[in-house]
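Biologist: I would like to learn how to read a few features of a structure. Please take them one at a time.

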Amino acid sequence: MSRFPDNFLWGGATSAAQIEGGRCSDGKGLCHLDYVYYRGPKIPCNFMLKRDYERAKAEEATLNFPNRRGIDFYHHYKEDIALLAEMGFKVFRMSISWTRLFPTGLEETPDPKGVEFYHNVFRELHKYGIEPLVTMIHYELPIVFVEKYDGWASPEVIPHCVRYLKFLIDEYKDEVTYWLTFNEINMVTAVPWLGGGILLDRYDDFEIPKGFRPFGVLPEDMAKRWDNASHQALHHQFIASAMVVKYAHETAPQCKMGNMFNLHHLYPETPSPEDAYRAHEESEYNMFFCDVMAKGYYPKWMLSYYRKHHIDIQWYEGYEEILKEGTIDFISLSYYLSSVVTADPARQERIGNFMRMLHNPYIETSDFGWQVDPTALRISLNDLRDRFNLPIFIAENGLGAFESLGEDKTVHDDYRIAYLRRHIEALADAIEDGVDVFGYTMWGCIDLVSCSLVSMSKRYGFVYVDADDEGNGTYNRYKKDSFTWYKKVIATNGEDLD
Ligand code: BG6
């Protein structure tokens, strides 16, 4: 008998910036991710400094901007949704592009062509009985807020964003039940450009050292600007999120509102109390993003963390009330890897997309250095249950790999099947432990542009898309071996994972 509940939502996840393409089609405006340019198949580029942004603008005609192409879902959505339906998807996680509805972000009313596009997508999903789960903001900020303001660090973004968020509820509330406000809200403090459109060296004239690595030890003035701007941006995102959650509860009570954060489980490097405390501190920091959104207030320890680290927040007027009135209905998270921490700051290194932790010799790593650890998912889910007692949705989990289409027009991705099998087993264990998990969307169910590398070379999908990093290819879709495997997993409600 399956250990998953009968109505468990099986599916896959994507984001508008990484799949839609059609960047300038039908009046769509540009967002900050449209300015991230490709630098090589393994070079992370989602950390932009002023010089990178200036270059993107100056060489706009010649640089390679893969997010502007995506996988051309804008024109392929019917074919793509038919493939998801063939796998038996119950849910499809997607995001709406703010600048397809409000091209500059400043308009009072949305562009009707953009509005219609999403109605068409939702109609197509419902035709197959697939529930859309919509991320309102998945790393997209209209470029005007980078040009004229300090990204999300400026409070000026809030009213424009809230107008967009409320519009989504008003317009689509009868087609969409499940909403996530901000994708991986904790990423704004880890990667301020990606999560908040903040160019760290924009206003301060500190020197960025040669050979600078974003996750090495930072020069003091830069670290200060990073901490202040990114936590200020986070505060503004909490406010916008709480405002729309409250609005949805009042005007569309059938809608379920969730947060979304990147979960990383942390082990101390040694049993030394110092390492153990460091791991505890990092875990508390990771959970704090949920604390504010689920409990409706900043925990005391976080306020003391701000004091200790000299982080000065300009508190939004009436923020305590706003946060209290806008608490979420469920928790959602992405989970890819676990990490090891040490109390010795000089020995921190970068693993995975954004973290600065140490290697764990007890677990294997993916081609991209991500530490594969399903047990940590089970442990963290149990922790989340104890801390919040809310339903949980796994919004992202998956394996990125270099792949190419074989002569038999498929990809034999047994490594992906193995990865997913182990994580789904861990999920079943957590459910048996008493955790209320109601859905699972595998990340990048159809190949898409990688977020950290802005490349097509790193692939996650059950479906292969014939497009390369430069945008060459037919854009035809091909089923990988994992396609048939996942179809069986869904058909048996997670019972048959072989
Ligand atoms: C998550 C993001 O952090 O990780 C996605 O929400 C992203 O947008 C995913 O694509 C995987 O990261 P990457 O860099 O391999 O695409």
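Modeller: Start just after helix α11, where Gly-296 has a positive phi of about 85 degrees. Helices here are DSSP runs of H or I with at least four residues, numbered from the N terminus. This is a predicted model, in which local features need pLDDT of at least 70, side-chain atom pairs count only at pLDDT 80 or more, and totals for chains, interfaces and linings use all residues. Residues are numbered from 1 along each chain as its sequence is written, and side-chain values use heavy atoms, with hydrogens and water left out.

Biologist: Where does α11 bend?

Modeller: A bend at a residue is the angle between axes fitted to the seven residues ending there and the seven starting there. Helix α11, residues 273–295, bends by about 35 degrees at Met-287.

Biologist: Is Asn-382 buried or exposed?

Modeller: Buried means under 20% relative accessible area, exposed over 50%, and partly exposed in between, with a 1.4 Å probe and protein chains only. Asn-382 counts as buried because its relative accessibility is 13%. Asn-382 sits in helix α14, residues 374–388.

Biologist: Which residues is Asn-382 in contact with, leaving aside neighbours within four places in sequence?

Modeller: Contact means heavy atoms within 4.5 Å. By that rule Asn-382 is in contact with Ala-430, Asp-433 and Val-435.

Conventions
Helices (H or I, at least four residues) and strands (E, at least two) are DSSP runs, numbered from the N terminus.
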